[in-house]
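Thanks for sending this one over.

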Amino acid sequence: MLVPPPISFSNKCKRCGLRYPAKATECVHCSNLTDSETEEMLLHKKSAHKNTANIGKLFFYIALLILIGTVLISA
Ligand SMILES: [Zn+2]
């Protein structure tokens, strides 16, 4: 049996920690940015993630309210 070699589609950048295509010789995210610009870019990515988490929480609370409402109506 032939075992397929592990295929790596992406490299992890040591500078910004983001993944970029293995074909690229340098990170596509931060290679053209200065240190401060890289930091800013990462901050934006982190805050975007935070917003997604908040939306998830909101949906959780809405679902909880619907559940409570259903229980109250059926009781
Ligand atoms: Zn990078």
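**Notes on the model**

1. Let's start at Met41, which sits in helix α1, the stretch covering residues 35–74. Please keep in mind throughout that this is a predicted model.

2. Is Met41 buried, exposed or partly exposed? Met41 has 15 other C-beta atoms within 10 Å. A residue needs 20 or more to be buried and 12 or fewer to be exposed, so Met41 falls in between and is partly exposed.

3. If you set aside residues up to four places away in sequence, the residues that Met41 touches are His29, Cys30 and Leu33. For a sense of distance, take Ser10, which is 31 residues from Met41 along the chain. The C-alpha atoms of Met41 and Ser10 are separated by 20 Å.

4. Now for helix α1 as a whole. Its 40 residues, at 1.5 Å a residue, should span 58 Å, and the end C-alpha atoms are 59 Å apart, which agrees. How many residues of α1 are buried? The number is one out of the 40, so α1 lies largely in the open.

5. Next, have a look at Pro21, which belongs to strand β2 (residues 19–21). Pro21 counts as exposed, because it has 11 C-beta neighbours inside 10 Å and the limit for an exposed residue is 12 or fewer.

6. Which residues does Pro21 contact, leaving aside its neighbours within four places in sequence? They are Phe9 and Ser10. Pro21 and Ser74, on the other hand, are 53 residues apart along the chain, and 54 Å separates their C-alpha atoms.

7. A few other numbers describe the protein chain. Its C-alpha trace spans about 65 × 50 × 15 Å along the principal axes. Buried residues account for 4% of the 75 residues. Of the contacts between residues at least 6 apart in sequence, 3% join residues at least 24 apart.

8. Finally, the domains. The protein chain is divided into domain 1, residues 1–32, and domain 2, residues 33–75. Their C-alpha centres lie 29 Å apart. The contact draws five residues from domain 1 and four residues from domain 2. What classes of residue make up the side of domain 1 that touches domain 2? There are two nonpolar, two polar and one charged.

Key: Residues numbered from 1 in each chain as written. Predicted model: local features only at pLDDT ≥ 70, side-chain atom pairs only at ≥ 80, totals over all residues. Domains from an automatic or database assignment. Contact = placed C-beta atoms within 7 Å. Nonpolar A, V, L, I, M, F, W, Y, C, P; charged D, E, K, R; others polar. Helix = DSSP H or I, 4+ residues; strand = E, 2+ residues; numbered from the N terminus. Expected span 1.5 Å × (residues − 1).
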